[in-house]
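Thanks for coming. I have one structure to show today, and I will keep it short. Please look at the screen.

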Amino acid sequence: SGTTTLAFRYPAGLLAITGTGTVTLVGSNFPTTGRVASHTLKVTNASSASLSMGTATFKAPGGSLPTLTGTGTDRFVFVTENAGTAIEVYTAGQGIA
């Protein structure tokens with residue numbers, strides 16, 4: 001639980017966490033506008049874990065931010081090309097055994 005910082009690295013980075021309670025995501029270390037950076041988040045779940053992301057910054061296809069599954073590992077990919085003004089969120093896999 002608590003705040004987890006996605007420290008973007010150009011061109012890519014990885015962060016692995018074990019989800020407990022509410023995990024609040026924030027971004028930092030963005031490259032300049034025009035450079036694409038991505039960050040993969042690997043979450044090993046506990047059944048009571050949840051993700052919290054600011055909807056003003058984090059954007060997902062269809063407008064619904066992803067949620068965690070109750071078991072296994074979930075992977076999400078975060079992409080920005082405008083210095084973190086908007087961070088796209090994609091679900092890469094959920095419930096991976």
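First, a term: a residue is called buried under 20% relative accessible area, exposed over 50%, and partly exposed in between, with a 1.4 Å probe and protein chains only. By that rule, 34% of the 97 residues in the protein chain are buried.

A word on where this comes from. The model is predicted, so local features need pLDDT of at least 70, side-chain atom pairs count only at pLDDT 80 or more, and totals for chains, interfaces and linings use all residues. Residues are numbered from 1 along each chain as its sequence is written, and side-chain values use heavy atoms, with hydrogens and water left out.

Now the fold. There are eight strands and zero helices in the protein chain, counting DSSP runs from the N terminus: strands are E, at least two residues, and helices are H or I, at least four. The C-alpha trace spans about 40 × 25 × 25 Å along its principal axes. With contact meaning heavy atoms within 4.5 Å, 63% of the contacts with a separation of 6 or more are between residues 24 or more positions apart.

How many aromatic pairs does a search of the whole structure find? The search finds one. Rings of Phe, Tyr and Trp (its six-membered ring) pair if their centres lie within 6.5 Å; planes under 30 degrees apart are stacked, over 60 edge-to-face, the rest tilted. F58 and F78 are edge-to-face, at 5.9 Å centre to centre and 80° between the planes. F58 sits in strand 6 (residues 58-59) and F78 in strand 7 (residues 73-80), 20 residues apart. Both F58 and F78 are buried.
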